[in-house]
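Please look through the structure below.

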Amino acid sequence: MEADRGVKAQFLQAYLACVVLTALPTAAELKQRKTSFAELQSTSTVARLVLDRSGDVIMHLAIDGLIQFVSPSVRAIAGYEPEDLMGRRPHDFIHNEDIEEVIRIHRRALTNPNDTLIVEYRAQRANGDWAWYEVHTRATLGENGASTGVINISHDITSRKRAESRLVKEAQTDPLTGLLNRRALDLALEERSAARSPFSIALFDLDHFKAVNDTYGHDTGDLVLRSFAEHLSNAFRKSDIVARLGGEEFIVVLDDTNSAEAREICERLREDFASKSLRAEDGRCVRVTVSGGIASWRDESDLWQLVAEADAALYQAKHQGRNRLALAA
């Protein structure tokens, strides 16, 4: 450059100024990128911690239900390796009785992407045990706003379900005999009445039970009640309703059984119990008999009317000398 030193110095200063002004935006961009990368790393670390340490299983499903992602927490919660679940459907692990509801919720989430839906179902752990899960489901959306799948967040509620089941059982079970109590009986009879299929009702009453309490004591009386309750449970099918009405009175609803069949079954039960010998608290031998009344379903029969007819037949059996059965007229 042909110029004196002063001009050269001024030119150099201008050049350096241009370089600095040009470099500043680049340096700022590099700093911003570095900051963003650090934030991304921090966010990724937090996300990994959430996915690894969460008490829930986070799962991404495609529209067709195929598993696209499972959080590593599934190892601790259900015993599966995440990679073993990829490409499969949750239906493979869900209880048959719950699959229909799970599918319904999945489809509803896809068609209502702004809603978070909740469903409870049973699923099998890797060791074969069944567990209850509460699942929150919400659709994932693509750039065009259409549903691309769903996110499921599953929480193990097995302990809660067991506690609820225990409370329900306690509320519906006679504490002495373990049979259904009157509250549970009323619910079962309402369901049975709606079925409108043949059945028979048998009412039983332990003979001279007050004398048992007076002679041997209430502990022995309780022993007799428990023994007869066990006798009833063993004599009838699981599909039959067996309950304690109160005191020494019991009721059985026999499914798909006519009066002749019901009488044969109940007669055998009566004879077997009459031959049974129990041991009182003081060591004495106790024998107790039972009387029963039977009423059977007829077209247009009213359930509670049948109960009343069975009760009248029981009264007849008592009046005729006890330790016998009577059929409703």
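A polar contact is a pair of N or O atoms within 3.5 Å; within protein, one must be able to donate a hydrogen and the other to accept it, and residues adjacent in sequence count only if both atoms are side-chain atoms. At the start of α9, a side-chain oxygen of N258 comes to within 3.2 Å of the backbone nitrogen of A260. The model is predicted: local features need pLDDT of at least 70, side-chain atom pairs count only at pLDDT 80 or more, and totals for chains, interfaces and linings use all residues. Residues are numbered from 1 along each chain as its sequence is written, and side-chain values use heavy atoms, leaving out hydrogens and water.

Helices (H or I, at least four residues) and strands (E, at least two) are DSSP runs, numbered from the N terminus. Helix α9 covers residues 259-274. Its buried residues (under 20% relative accessible area, 1.4 Å probe, protein chains only) are A262, C266, L269, R270 and F273. Seen down the axis, they fall within an arc of 100° (directions from the helix axis to the C-beta atoms), so they line one face of α9. On the other side, A260 and E264 are exposed, meaning over 50%, with partly exposed in between.

Helix α7 (residues 209-216) packs against α8 at an angle of about 140°, with the axes 7 Å apart. Axes are lines fitted to C-alpha atoms, for helices over the stretch in contact, and angles run from 0 to 180 degrees between N-to-C directions.

E134 lies in strand β4 (residues 130-141) and is buried, at 19% relative accessible area. The E134 side chain makes a polar contact with that of H136 (3.2 Å).

Methods: The expected span of a helix is 1.5 Å times one less than its number of residues.
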